[in-house]
Amino acid sequence: NFHGTVESFGSGRTTLRMADRTTVFVPNAQFVSAVVTNETRKEFEIFETRVELSADAMENARWISYHVRQFLEDDPVVLKTKAVPPRARISEVRIDGSGTLLVSCAIGLAGGVRAIDDATECILLNIRDIIKYGSNSKQQLNN
């Protein structure tokens, strides 16, 4: 599988430029049976993560999922689309009381790859803070 930018398309082969600037020549016959995705008009990247919650954090699971959802809805880089609405929900509860929080949203691509990395990091750190303050002191997050 190759992921790159088409530099040229000839009768026998297609030339791709990879992210690391290497050139790959792909015989056009490979495209006959392959699925090719054109990402040039892609408007967002789907962010999805599973966060493991301790039994202590699960005591505040509703509060945590609500505040993660609120954060996603208020964050300007998170797109509010019907296709991928911002979500945060408990997806698993284990017998020991621990569980899993499933978080997903769409991140706008206007700022490029660096902006996606920054947005992903920001989302993850905010989830961590919400869980930390939700487990210890709900008042800290509200101030």
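Glu52 is exposed, with a relative accessible area of 53%; exposed means over 50% relative accessible area, buried under 20%, and partly exposed in between (1.4 Å probe, protein chains only). Glu52 forms a salt bridge with Arg94, and their closest N and O atoms are 2.5 Å apart; a salt bridge is a side-chain nitrogen of Lys or Arg within 4 Å of a carboxyl oxygen of Asp or Glu. This is a predicted model, in which local features need pLDDT of at least 70 and side-chain atom pairs count only at pLDDT 80 or more, while totals for chains, interfaces and linings use all residues. Residues are numbered from 1 along each chain as its sequence is written, and side-chain values use heavy atoms, with hydrogens and water left out.

**Overall organisation**

- The secondary structure of the protein comes to five helices and seven strands; helices (H or I, at least four residues) and strands (E, at least two) are DSSP runs, numbered from the N terminus.
- Along the sequence, these elements follow the pattern β-β-β-α-β-α-α-β-β-β-α-α.
- The protein has 143 residues, of which 31% count as buried.
- The protein exposes about 9800 Å², and carbon and sulfur atoms supply 50% of this area; accessible areas come from the Shrake-Rupley method with a 1.4 Å probe, and for residues only the protein chains shown count as cover.
- Among contacts between residues at least 6 apart in sequence, 55% join residues at least 24 apart; contact means heavy atoms within 4.5 Å.

**Salt bridges**

- Side chains of opposite charge can pair when their charged atoms come close.
- The structure holds four salt bridges.
- In the pair of Arg94 and Glu52, the closest N and O atoms are 2.5 Å apart. Arg94 lies in the loop between strand E6 (87–93) and strand E7 (99–108), and Glu52 lies in strand E4 (residues 44–53), so the pair ties together parts that are 42 residues apart in sequence.
- Arg94 also forms a salt bridge with Glu92, where the closest N and O atoms are 3.3 Å apart.
- Asp129 counts as partly exposed at 22% relative accessibility, and Arg128 counts as partly exposed at 47%.

**Strand E7 and its partners**

- Nine of the 10 residues of E7 are buried, so this strand is largely enclosed by the rest of the structure.
- E4 and E7 run antiparallel and are joined by 10 bridges; two strands pair if DSSP finds at least two bridges between them. In E7, Ala106 is the bridge partner of Ile46.
- Strand E5 (residues 78–79) pairs with E7 in the antiparallel sense over two bridges. Here Ala106 of E7 is the bridge partner of Leu79.
- E6 and E7 run antiparallel and are joined by six bridges. In E7, Val103 is the bridge partner of Ala88.
- E6 and E7 form a hairpin with five residues between them, and Gly97 in the turn has a positive phi of about 95 degrees.

**Helix H3**

- Helix H3 comprises 14 residues (residues 61–74), which should span 20 Å at 1.5 Å a residue; its end C-alpha atoms are 20 Å apart, which agrees. The expected span of a helix is 1.5 Å times one less than its number of residues.
- The buried residues of H3 are Ala61, Trp63, Ile64, Ser65, His67, Val68, Phe71 and Leu72.

**Backbone at Arg21**

- Most residues other than glycine have a negative phi, and most peptide bonds are trans.
- Arg21 has a positive phi of about 75 degrees although it is not a glycine.
- Arg21 is placed in the loop between strand E2 (13–18) and strand E3 (23–27), and it counts as exposed at 59% relative accessibility.

**Cysteines**

- The structure holds zero disulfides; a disulfide is a pair of cysteine sulfur atoms within 2.5 Å.
- Cys105 counts as buried at 0% relative accessibility, whereas Cys122 is partly exposed, with a relative accessible area of 33%.
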